[in-house]
Structure formats: C-alpha cells, structure tokens
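Colleague: Before we discuss this chain, could you put the model up so that we can go through it together?

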Amino acid sequence: MSREMWALVVVGAILALATLVGAVLLAVRVVRTRRLLGALGVSGKVAFYGALIYTICPVDLLPDPIYLDDMGVLAGALIYLTRLAHRRRAAGRSLPGQPGRTGVPPGPGQSRQIVS
C-alpha cells in the first residue's frame, strides 16, 4: 500500500476509536441516570431502555464502525432525561438521593441545599 493509503487507514481508525470512546462515555452517563428512573415515570424508562437497546442492538442505521447514530440516540435520551429531571425539580418534587421540601436530611456525601 502507498503512504497515502496508510495515512487514510490510520485517520479512519483514529476517528472510529474517537467515536467509540464518545459512545461509551455517553452510555455511562445514561446508565448513571438509572437511579432517577422511578421518579421520572414511564416515559423516562422508555427513553432510558430504548437508548440502551438501540446502542447494543446489532442492527443500526449506520454500520457499527461508525457510532454516530448510537451517540445521537444516547445524547437524545440523556437530554430528554435531564429535561424530565428539571421539570420534576421545578414542580417542587425531590429526586431520589436529593433532599426535598419534606425535611429529609441529605444522605452521606451530599451537601445540604436550602429550599426557599
């Protein structure tokens, strides 16, 4: 192979690795939101499990060396779950692991928030 072809292969491999790392990082962030699922309702559970199933499923919109579709689905689910959590906080309801208006003290390792 010529030098140009090797350079193209190396750049392609680096891009594939970068998108894989991005997809894994997004998947980890989505999985960390798992503790909120009970408080976010059915739509939160559907978004969470739907994103994970799409990411793991071998049938994709784009072939698997290109993880851009997986990253888009994971990012969309993360944005949706974040909006649900913000709506719940705005409504005055506490999320699991966070002190609410009921006077429940914060758990270990959590800071006390003052609610006005």
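Colleague: Among contacts in the protein chain between residues at least 6 apart in sequence, what percentage joins residues at least 24 apart?

Modeller: This is a predicted model, in which local features need pLDDT of at least 70 and side-chain atom pairs count only at pLDDT 80 or more, while totals for chains, interfaces and linings use all residues. Residues are numbered from 1 along each chain as its sequence is written, and side-chain values use heavy atoms, with hydrogens and water left out. Contact here means heavy atoms within 4.5 Å. Among contacts between residues at least 6 apart in sequence, the share that joins residues at least 24 apart is 49%.

Colleague: Which pattern does the protein chain follow along the sequence?

Modeller: Helices (H or I, at least four residues) and strands (E, at least two) are taken as DSSP runs and numbered from the N terminus. The protein chain has 3 helices and 0 strands. Read along the sequence, the pattern is therefore α-α-α.

Colleague: Is the aromatic pair of Phe48 and Tyr49 stacked or edge-to-face?

Modeller: Rings of Phe, Tyr and Trp (its six-membered ring) pair if their centres lie within 6.5 Å, and planes under 30 degrees apart count as stacked, over 60 as edge-to-face and the rest as tilted. Phe48 is buried at 2% relative accessibility, whereas Tyr49 is partly exposed at 44%. Because their ring centres are 4.8 Å apart and their planes lie at 80°, the pair is edge-to-face.

Colleague: Which residues does Lys45 touch, not counting those up to four places away in sequence?

Modeller: Lys45 lies in helix α2 and is partly exposed, with a relative accessible area of 38%. Its C-alpha atom is separated by 8.6 Å from that of Arg34, 11 residues apart along the chain. With residues up to four places away left out, Lys45 touches Leu37, Gly38 and Gly50.

Key. Buried means under 20% relative accessible area, exposed over 50%, partly exposed in between (1.4 Å probe, protein chains only).
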